[in-house]
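Here is a short report on one protein model. Look over the sequence and the fold before reading on.

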Amino acid sequence: MRKNDMVRTQERMYTTALPPQHSDSDRRIIDTPGPSLHLYQVWKGNNRFCFNGRIILGPDSRSLLLTVSLIVVPVILFCAFVSQRLVEQFPRHIGNLIVVLCPLFAVYVVILLLITSARDPGIIPRSLHPPEPEDDGYVSSISSDWPGSQNGPPGVPPTKDTMVNGVIVKIKYCQTCMLYRPPRCSHCSICNNCVERFDHHCPWVGQCIGKRNYRFFFMFVSSTTMLCLYVFAFCWVNIMKIMDAYHCNLWRALSRSPVSGFLILYTFGAAWFVGGLTGFHLYLIFTNQTTYENFRYRYNVKMNPYSRGCFRNVGEVFFSKIPRSKHNFREMVKGDSSSVYATSMSLRHPMSPEMPKTSSDIEMGKRQAVAAEDLEDIQSQIDSVGGLERCGTQPRHTNWDHKTNWESSPDIQMLAAEFGMEHGSTGRQKIEGANDLKT
């Protein structure tokens, strides 16, 4: 009996909802209204801002320095050591053109890089509270049988179905942004934002690639490929000119111009990398896919609901109007609204009084949402979901007579208590029933 009392005491301890803990910064925001701030000053993503919110960068924007140096340094070497020989070996106007084109092309590539990196990729505005059931703008069927839906806000299932070009497409609820992501939208874990037509997060650019900067990203990659081929070709021309002028073999020519040899090797490797990337994205453009969709949904083996034919797909990327940003990062935010926004985002706590949730519930919901992201098609795998429900959310039906099942009873009861937060009295009844069987 004493052991049963201890078990019940542990159960009450773990199932009691703890009050949300506020950090010092959150407490200051809540206690004091504070002055009005710009939106970029209370931004909850991981982005960095420059020039008072006029430029938005990714959290890994320092990689831009490496990328710029990988472009600029070879061009400087080419202009300083290779192009001077070409001026002497070609007619003067042709030689000068070769010298001038390379740095101009490099400047063009760097400008495309900066535009891609310093541009809002298409961030979806966050919601201050979870959507009301059946009141989120999508008239569609709700996938409410998914067991993880019990961990989200009440009445808000983790997935919904919407129609795109006559094809049913599943959209998912984002626990962080508290909204249903539009089709082709995904949440970037690095930038901590939902990005419209999310392609990928590029570490070389230091920014997400989405609807508003994909065109410039492709132009940057393809232009870098052409720059590599330009330097590669004229370095070989320089070597051939040396061989003809001194009547020597290849190795002696390379010894006379070692920078040409280095640039040939460097641009050869770089051209394979950026050239392969260019070819891959050409395929994605022709088929109207994103990198995320190509690796996740495999539209090459099933129907792509977004493809409208090769020519229209190309026109959509290169000739369609780029939508305006959904954010004005320099907009003034009042103290009250900013405090609510910052508090709700930092605590991941629904602000609606009709939907109270503890912080532990929300963390459990996030873990379930991450697990749901790894499933390719939730609705089509409902049988496996049922198995997951039996194995993951309910105790396995085993022989109660085996004592080995109860040797680690504290761990079992902690796990049951954790789920007891969600399932309420059902979890407590199962624990008490198990203890009665044990005694």
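## Contacts and overall make-up

Of the protein's contacts between residues at least 6 apart in sequence, 67% join residues at least 24 apart. Contact here means heavy atoms within 4.5 Å. The model is a predicted one: local features need pLDDT of at least 70, side-chain atom pairs count only at pLDDT 80 or more, and totals for chains, interfaces and linings use all residues. Residues are numbered from 1 along each chain as its sequence is written, and side-chain values use heavy atoms, with hydrogens and water left out.

The protein has 14 helices and 12 strands. Both are DSSP runs numbered from the N terminus: helices are H or I with at least four residues, strands are E with at least two. Of the 439 residues, 44% are buried. Buried means under 20% relative accessible area, exposed means over 50%, and partly exposed lies in between (1.4 Å probe, protein chains only). The accessible surface comes to about 24200 Å². Carbon and sulfur atoms account for 61% of that surface. Such areas come from the Shrake-Rupley method with a 1.4 Å probe; for residues, only the protein chains shown count as cover.

## Annotated spans

The unreviewed UniProt entry lists residues 64–87, 93–116, 216–239 and 259–286 as "transmembrane region". UniProt positions are given in the numbering used here, feature names are shortened, and annotations may be inferred rather than shown by experiment.

Residues 64–87 are 100% helix and 0% strand in the model. Their end C-alpha atoms lie 33 Å apart. Residues 259–286 are likewise 100% helix and 0% strand, with end C-alpha atoms 39 Å apart.

Which residues of helix 9 are buried? In this helix (residues 310–318), they are Asn313, Val314 and Val317. Seen down the helix axis, the buried residues fall within an arc of 95°, so they line one face of helix 9. The arc is that of the directions from the helix axis to the C-beta atoms.

What do the buried residues pack against? Their partners are helix 5 (214–246) and helix 7 (258–287). On the other side of helix 9, Phe311 and Arg312 are exposed.

## Salt bridges

The whole structure holds five salt bridges. A salt bridge is a side-chain nitrogen of Lys or Arg within 4 Å of a carboxyl oxygen of Asp or Glu. One of them joins Lys170 and Asp161, at 3.1 Å from N to O. Asp161 is buried, with a relative accessible area of 12%.

Glu293 pairs with Arg184 at 2.8 Å, N to O. Glu293 lies in helix 8 (residues 291–296), while Arg184 lies in the loop between strand 7 (179–180) and strand 8 (186–188), so the pair ties together parts that are 109 residues apart in sequence. Both Glu293 and Arg184 are buried. Glu196 is buried at 18% relative accessible area, whereas Lys211 is partly exposed at 37%. Salt bridges that share partners join Glu196, Lys211 and Lys326 into one network.

## Loops and backbone

Arg184 has a positive phi of about 75° although it is not a glycine. Its relative accessible area is 14%. Asn192 also has a positive phi, about 60°, and is not a glycine. Asn192 is in the loop between strand 8 and strand 9, and is buried at 13% relative accessibility.

Val156 lies in the loop between strand 4 (142–143) and strand 5 (159–164). Val156 is buried, at 5% relative accessible area. The C-alpha atoms of Val156 and Tyr180 are separated by 9.6 Å, with the two residues 24 apart along the chain.

## A nonpolar patch

Leu66, Leu70, Trp204 and Phe273 make a nonpolar surface patch of about 380 Å². Patches are made of residues with over 30% relative accessible area and no salt bridge; like charges are joined within 9 Å, and nonpolar side chains (Val, Leu, Ile, Met, Phe, Trp, Tyr) within 5 Å. Phe273 lies in helix 7 and is partly exposed, at 46% relative accessibility.
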